[in-house]
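Welcome, and please keep your viewer open beside this text. We will go from one selection to the next and say what is there.

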Amino acid sequence: MSGSRRSRLFLLGAAAVTLGAGLALPPTAAASVTGRTSGTAGASSGPLAPAVDGAAAGGNVIVVLKDQYSGVNLRTRAAARKADARRAQAPVARDITAHGGTGLTRLVAPDAIAATVPGAEVSRLRADPAVAEIIPDPRLRAFGPSPSPAPAATTVAKGSQRASCPFNPAGTSKPLLEPEAYSDVKADPSFTGRGVIVANDGMNELAGNPNFTRPDGSHVVIDAPDYTANHSNDEDYGDASSIAAQGTVAYQYKGALPYSGVPAGCGFVIKGDAPGASLVDLSGIDTPVLRLSQVVAGIDTTVDKVHADVISESFGTSALPDSGGEFLAKADEAAVAAGVTVVESSGDSGSSGTMIEAADDPAVIAAGAVDNFRLVAMAHDYSSYASNNIAALSSGGTAPTGKVVDLVAPGYFGGEAACADGSGGCPPHYPTESMRGTSESAPLIAGAAADVIQAYRASHAGASPSPALVKQILTGTATDLGAPAAEQGAGLLDITAAVRAAQRMPGTTRPGAGRPGTGTSALVPSPSQLDVTSSGDPFGRSNVSLYNTGTAATTVTSEARSLGPERRLGPVVTERVSAPPAGTAIPPEGATAAPAIPFTVPRGLDELDADMIWPDPTNSNVICFALFDPQGRLEQLSYDDGAASAHQVPDDQHADVANPEPGRWTARILWSGTDQDLALPPSVPGTYTGPVSFKVSGQDFVSTPASRPVTIPAHSSTTIPLAIAFPAAPGDHPESVQFAASDGARVSVPVARRTPIPPDGGRFTTPITSTVGRMLGQQSTYEITVPPGRSSLNATFRTADASPDNTYTFYLVDPSGKVAGKVTSAPSTVNGTRVAVASLHASDPAAGTWQIQVVLDLTVSGKEFTQAVHGDVTDP
């Protein structure tokens with residue numbers, strides 16, 4: 001077993017755009033596949049650099065050079081690193097220009113050149129000894145509001161007129177503070193990020209929005225070319241608002257939520273969690289869809305010239321081996337090495353193994369999302385609500401790199417953000433939007449990082465904390481939500497606790513900082529999460545160092561916590577879907593699609609899982625469920641991002657609730673669930689009229705001792721040895737270690753456990769649980785260590801559902817990170833039964849750790865709640 005992170009795989013390619021199907025195979029293995037193959041270009045021979053994932057055809061590509069100069073710091077030795085890069089790039093750039101290449105962009109970290117080139121030039125460049133690899137230059141998708149909202153109803157039944165301002169005891173005399181997230185993450189008005197620079201895309205185009213002018217007339221956005229500009233896009237307005245909106249502009253809910261019953265006079269203001277921070281534009285390009293090279297060029301500039309302290313990234317690619325995200329990860333790693341804290345959205349693809357690159361990089365902070373439902377309750381005329389369950393959209397699970405999310409912040413209708421009427425996806429007729437997605441969570445955590453940096457500087461003679469320390473402080477002070485480790489990471493962001501801990505870290509001039517009686521101690525872990533792999537033994541060991549920020553010694557106990565088996569809570573309920581007659585006024589929450597379903601939650605349940613399926617072969621009808629607890633509060637909403645027009649609706653929905661209240665619950669089945677602003681009319685009901693089935697299950701945590709009690713002196717660190725138990729089944733088994741101190745401090749440290757396939761092969765089973773239809777359905781990773789001299793590596797796959805809307809893609813990845821095989825499942829008859837099958841084969845595989853990745857594509861058939869993909873690796 002290893003207690004350190006597995007080596008990063010250098011996985012380059014493109015998945016955010018549709019590219020040619022060519023697949024370059026490394027010289028270490030010749031691969032063959034059965035099933036529906038993507039095609040192969042054959043193994044490269046001699047010294048040729050690989051051109052992967054369609055780059056061989058030319059077009060927008062990135063030419064990665066062999067000399068990377070990673071030991072030369074991008075900030076402290078920027079001139080030297082740029083000079084080295086220019087020198088290495090000069091002959092390659094001349095060659096590109098001389099042979100028809102255009103639009104050259106020179107990148108520093110990583111050392112590369114982006115350009116548009118013909119296919120013939122790619123062939124020439126592959127023979128250049130200075131070139132390491134040629135990859136596509138894909139467009140990166142932002143993880144925020146959906147770019148293609150569903151068709152809207154033309155007749156809307158507005159919410160019932162409320163007698164007073166909802167959820168505001170002060171009524172019309174005092175506006176509410178938006179977003180609701182501001183209070184849920186416990187923003188500390190004493191620390192505003194003052195003196196800290198945060199980089200985010202699209203800032204120049206919103207520099208003139210009144211929310212980003214301070215009361216003294218100074219500007220939040222620095223170095224903007226036009227301080228009257230107010231025409232950015234909804235994604236970037238939301239990011240900027242989450243970080244540094246000033247709370248000086250008065251708005252009305254009646255304008256922001258035009259279909260609700262909120263009366264006139266109910267006001268709100270918008271304030272970020274780091275309003276004292278300065279924002280700077282990351283790329284200088286106003287679009288929610290940037291090319292990878294544009295983002296990397298922006299990171300180069302941000303680190304070298306602007307000297308940003310924090311970078312907030314709300315974009316990325318899937319973590320598939322041919323996604324292109326590894327190149328962004330390398331740029332982020334260079335920024336972190338230069339002292340910049342990087343926060344990245346985990347993604348909006350649901351909880352089942354969908355974390356994006358570069359959030360899967362251990363150097364960055366991966367931001368997951370929780371629900372905030374105050375705004376939904378206002379818009380949909382609900383009388384009460386509960387917040388801070390894991391959002392159904394939030395990407396979770398264990399990434400191929402062995403990482404889970406670091407922590408969570410509000411991200412599903414977390415609140416209102418500034419916008420400009422109809423600009424770049426902003427709603428029409430009113431200058432605000434309802435922000436949502438992990439692209440809200442990421443800037444909230446980036447703002448918190450700015451607050452931590454300010455607090456640390458104020459108590460450490462102006463010195464700045466390292467990015468690793470910022471992450472440790474944020475995760476060490478997060479609030480455990482009682483959710484699975486692979487969904488919540490360390491827990492919910494707590495800014496007040498984080499800035500208090502920052503002031504008490506080693507070297508502080510304020511060892512007693514913090515308000516008396518507020519629980520000023522914390523346990524700050526290093527590392528902030530563990531990534532461990534079994535060596536074949538059922539038990540192993542790892543270590544965590546905890547720093548006690550308190551003024552007195554404290555005794556710490558610990559236990560490992562993981563979810564136990566799932567059990568059914570009552571029968572599966574099946575109803576018939578219907579839609580109201582044409583012309584019927586649709587309520588803001590959406591039209592009823594099927595009768596409401598009651599169910600009972602037992603006392604003491606740790607985790608409630610709700611699932612819904614409908615077998616729509618067209619994959620073009622979006623249905624969701626809303627869960628209401630015994631008090632009638634809105635507790636959870638399922639989520640769907642599949643494009644109905646492209647037949648990518650997944651035909652299933654999933655959401656979970658931690659520590660659910662016991663008693664009688666209700667699930668309301670609605671023609672809703674699409675990602676659209678609450679200012680817009682509800683969606684038009686679909687045409688599906690078949691069955692819909694709803695199932696409720698429960699799980700309880702299983703806890704075991706992780707270490708003996710340890711006493712940690714005041715303002716000191718202690719290394720705690722941990723006992724790690726490994727399940728026998730190959731695959732990922734995330735858990736957490738819960739540390740509890742005698743003075744009340746608590747910290748949850750995620751543990752990404754991975755059990756490999758035995759070296760001589762064996763069987764494994766992938767449970768398929770859900771998909772939201774965005775980017776990919778589910779991704780599961782298996783590892784096998786191949787010994788020297790093995791003649792071949794063979795893997796076969798089989799699953800029972802062979803429906804055409806229920807396909808899988810399988811990858812075989814060699815120890816260097818190159819794709820050695822890729823295949824899509826295909827129908828077949830086995831022993832008289834129709835199933836879906838695939839197989840992968842590599843001849844003369846290189847010795848080392850190989851990965852097998854099982855990927856559910858966007859949709860399922862809706863015929864079963866769970867599926868199992870059975871794999872078998874055989875030793876010839």
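Select Arg633 to begin: this residue is partly exposed, at 23% relative accessibility (buried is under 20% relative accessible area, exposed over 50%, partly exposed in between, with a 1.4 Å probe and protein chains only).

A word on the model: it is predicted, so local features need pLDDT of at least 70 and side-chain atom pairs 80 or more, while totals for chains, interfaces and linings use all residues. Residues are numbered from 1 along each chain as its sequence is written, and side-chain values use heavy atoms, leaving out hydrogens and water.

Next, select Asp611 and Lys695, whose side chains meet in a salt bridge (4.0 Å, N to O). Asp611 sits in strand β30 (residues 607–613) and Lys695 in strand β35 (residues 691–699), 84 residues apart (strands are DSSP runs of E, at least two residues; helices are H or I, at least four; both are numbered from the N terminus). Is Lys695 buried or exposed? Lys695 counts as buried, at 7% relative accessibility.

Finally, pick Arg124 and Asp95, another salt bridge (2.8 Å, N to O). Arg124 lies in helix α2 and Asp95 in helix α1, so the pair ties together parts 29 residues apart in sequence.
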